[in-house]
Amino acid sequence: MKATKVLCGILTCAILFGNAGIVHAKETQSARNIPALTAEMMEESINLSAQSARMSGNVSAGYVTGYLSDTSDGALYTITVPNGCMMQAQLEQPGNAAIDYDLYIFDKDDNSIDASENVTNVVNGKTLVEDVAVINTTGTEAEYKILVNSFVGGSETEAYTLTYALTDVYDDYETDEQPRRAGEFVFSSASDSISDRNISSPIDSDWYMFTVPSGYDEMQLNISSSSANSHAVLAYKNIATDGTYQMAPVSLSSGKNAVTAGDVYYLKVCYGGALNGFAQDSIENYTLSINFSVKSLEPGSISITGFEGGTYVTYGYGRLYRVTGGTLTVKGIVKDTEGKDLANAPVLVAFANPAWEGDSRYGLVPAEGVTDASGRFTITVTLPPKAGLECYYVNPSTHYYDTCTVIATPGNDLYATDFVYQYAYSAYGDNT
């Protein structure tokens, strides 16, 4: 048996009546056996309409609280919906991992109309609310039944809250109150948006889903509206693997967020304020945009890995690379702050011969390039004139050269340096 206590709060307010590459409202069937309405439920049912009088052109919303004591326990509510209006119901169950409540709508003949059967996943003391909705298209006023049912567990000390709303202002894509009815974004470019939806009641929820396209690793979400009502965008991933919906919240910032290509996200757009703070005269369309980009990492290291244009020799400073021609090719690699090869990074190489120190033309000779897909660079620098300030005897001649510095930088405070000999000329005999 259920133990039920009821507390009620009513909001009644007047309102004014008022795409992207999205596949809308993919209907799926209930994953669980829809519970039967029992005579006991009918006897103990609570009439919500009696507590929430509604006039044409208004939004009405209210709530009740109650308790379910055990698995298969249920609480039934009835509500009268005017023709052409949408009725929404939302269930917030206790934040208890051992409890899994579901929410259903039936018509007056006990035919199932809608079901919300999310699998409990308690994070920070809460699990995703259950949401159902129906639009009365019967041509006349109609009675509907709302069932709160325990799929698993119960508690006589932890209450659930059932919130309900009636509205005659809604967009063409209702009802999509649950992740199983999410409209899917299909991206043909790095961004997409939708701007013909609105949040039409304090508990209205619009669901979307998308797969992160290949080639992108950052995502930014944005929502805007001229409405006085705040709009929230909540992100989730479905961690269930059996065809059900067990939604895990994903924390996203207002800026760019790291994502992985191929991952599937669900977005819930809803009202972000208190139930009694919903602005009845400010139901306006919102614009939801999703933008993908490639993460731009900063260089974390640079190194010089080799040269071309000469050979290694041993002079006064030991074994170094010696360049004999008018150019030197410098090779190296740039890695990002995570230690991965950084592609398309600009690199500046400079050649400094001390003989030309302070000279505006030859003191520091630069050359520029860009790393390849593997973070490698190969940059050729034109050398300044040779001076031959140093010498070293290599039998049978004396070699004249300059010990020069090669610098490579990706444009920040990172530098890699190496030394080379710039060969000038030779003279026979020991002239050291």
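This text leads through the salt bridges of the structure. The model is a predicted one. Side chains of opposite charge can pair when their charged atoms come close. With a cut-off of within 4 Å between the side-chain nitrogen of Lys or Arg and a carboxyl oxygen of Asp or Glu, the model holds 14 salt bridges.

One of these joins D263 to K237, with an N to O distance of 3.0 Å. D263 belongs to the loop between β18 (257-258) and β19 (264-271), while K237 sits in strand β16 (residues 231-238); the pair therefore ties together parts that are 26 residues apart in sequence. The relative accessible area of D263 is 24%, which makes this residue partly exposed. K237 is partly exposed as well, at 27%.

A further salt bridge is formed by the side chains of E308 and K331, at 2.7 Å from N to O. Here both partners come from strands: E308 lies in β21 (residues 299-308) and K331 in β24 (residues 327-336), so this contact links parts that are 23 residues apart in sequence. E308 has a relative accessible area of 38% and is partly exposed; K331, with 30%, is also partly exposed.

The side chains of D341 and K335 likewise meet in a salt bridge, with 2.6 Å between N and O. D341 is partly exposed at 34% relative accessibility, and K335 is partly exposed at 28%.

Salt bridges also join into a network in this model, whose members are D171, E174, D176, R197 and D206.

Notes: Residues numbered from 1 in each chain as written. Predicted model: local features only at pLDDT ≥ 70, side-chain atom pairs only at ≥ 80, totals over all residues. Heavy atoms only, no water. Helix = DSSP H or I, 4+ residues; strand = E, 2+ residues; numbered from the N terminus. Buried < 20%, exposed > 50% of the residue type's maximum accessible area, 1.4 Å probe, protein only.
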